[in-house]
Amino acid sequence: MTTTHSLGQAARQILIQNDKGCYTIPTKGLYPYQWNWDSAIAALGFAEFDITRAWIELETLFSGQWSDGMVPHILFHQPDPGYFPGPDVWGCDGPIPSSGIIQPPIAASMARRVWEKDTGAGATHLTALYPKMLAWHRWIMQWRLDRGAVCTTHPWETGRDNAPDWDKTMARMDASDVGEYTRRDTTHVNSDDRPTNFDYDRYIKLVQLGRNLHWDQAALREQSPFRVADPTMTFTTLGAARDLLAMGTELGFDTTGLTEDIKTLEAGAATLWNTDLGAFDSRDVLSGEWAGCVSSASYLCWLGGIDSDQMMDRLRNTLETVPYPVPSNDPDSDTFDARRYWRGPTWAVVNMLIGLGLEQQGHHAEATELARKTGALISEHGFAEYFDPLSGSPAGGKSFTWTAAVWLAWAG
Ligand code: 2M8
């Protein structure tokens, strides 16, 4: 019988095996570099057994910060031909070879949690990190707002690569001149579980556009066909702003502007409420069209400090009716696909972010139930990248860092 103790040991082993010394890769083969939000989650996992290593993870992430405050979604510390697109395709010139886009800015919220476990010695680490985290927050506020909601400029920024949220926007894009390239992801895992070539052409097309514009945010705002205000970016930015305010106040930093930013983001979050859908939704900024998607990101409202009775009703229903909640896409939607990456599967990492938000907002019963169900999913099906929400069967990369970290910090 697998016990909680032995699963804890296995989870630690995964973090240790994926540890490259000062950063952690998500999984061997498929993802050989440092990913932004994966790393923030890894820090939380390390905090359960090696607090110094947790701080190092965050410090390495911020060592890749650009001079304007942006923190890239991938840091390419060492060349690896197993992943495409690599640094040569992105053409960026930050302090460490990197991509030119961001990911959900959860690092500040995870740093706060690491600090809560290490208020003594941790204060030195946090004091050094704080201005960097604040600079990234300001960069987002400067470049990514639409009516107060935070926009994504590439599906990869949200971390929900092929979510149906982007379908209409992607369908309008012309990628006929993207040129020849070779995908690497499908050499590591089953191609039926991955984004389609149609999507990949557009991912690469957007990278080419950013590169041609030297990742100039003003130019991208003018010229990119992809700009979507989204619940992932908005709720994580809002949650991070609240955490930055709390940490800054306690550490004695100047927090001018953060209270105003929180109000702006709250107003922005309200613009993501799709009344017809009865849920938080993504909104194409260029066409003004709703995506019409209830995704797992819709449930991140609590992480952003926003309560919603309607989202709570949906959550309770999902917890009761879906065998392995929370699915990344509504199982009643025509676009639901139980195995294709972010179009249906359950991700332990998003469950934890939903659960931490629920806990923060005082919804203890639902937070406990979600953690229990996520724990059961992992103990029955392993530390996979993601899971079929109907059967629980594991998919994608194996021995996955953030699934192990979720077990250690929350679900185990
Ligand atoms: C996936 O995204 C990468 C691109 O960033 C990919 O498919 O190549 C997503 O699941 C994302 O959320 C995650 O951070 C990354 C690494 O685990 O993989």
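In the predicted model, Tyr341 is found in the loop between H14 and H15. The phi angle of Tyr341 is positive, near 55 degrees, although the residue is not a glycine. Tyr341 counts as buried because its relative accessibility is 3%, below the 20% limit for that class. The loop between helix H14 (309-321) and helix H15 (348-360) also holds Val326, and the peptide bond leading from Pro325 to Val326 is cis, with omega near 5 degrees.

A positive phi, of about 55 degrees, also occurs at His214, again a residue other than glycine. His214 is placed in the loop that runs between helix H10 (197-212) and helix H11 (217-223). With a relative accessibility of 68%, His214 counts as exposed. A further cis peptide bond, with omega of about 5 degrees, links Phe84 to Pro85. Pro85 belongs to the loop between strand S2 (74-75) and helix H4 (87-90).

The ligand is surrounded by 17 residues, of which Asp38, His73, Tyr83, Gly159 and Asp161 are the closest. This shell consists of eleven nonpolar, three polar and three charged residues. For Asp38, an N or O atom of the side chain is 2.6 Å from a ligand oxygen; for Gln103, the corresponding separation is 2.9 Å. A polar side-chain atom of Trp342 lies 3.1 Å from an oxygen atom of the ligand. Of the 410 Å² of accessible area that the ligand has on its own, the protein covers 100%. The space that the ligand takes is the largest cavity.

Notes
Residues numbered from 1 in each chain as written. Predicted model: local features only at pLDDT ≥ 70, side-chain atom pairs only at ≥ 80, totals over all residues. Heavy atoms only, no water. Near = heavy atom within 4 Å. Polar contact = N/O pair within 3.5 Å; in protein donor to acceptor, adjacent residues only side chain to side chain. Areas by Shrake-Rupley, 256 points an atom, 1.4 Å probe, with all protein chains shown as cover. 1 Å grid on protein atoms, 1.4 Å probe; cavity = no way out; pocket = protein on both sides within 12 Å on 5 of 7 lines; lining within 4 Å. Sits in = over half its atoms within 2 Å of the grid points. Nonpolar A, V, L, I, M, F, W, Y, C, P; charged D, E, K, R; others polar. Helix = DSSP H or I, 4+ residues; strand = E, 2+ residues; numbered from the N terminus. Buried < 20%, exposed > 50% of the residue type's maximum accessible area, 1.4 Å probe, protein only.
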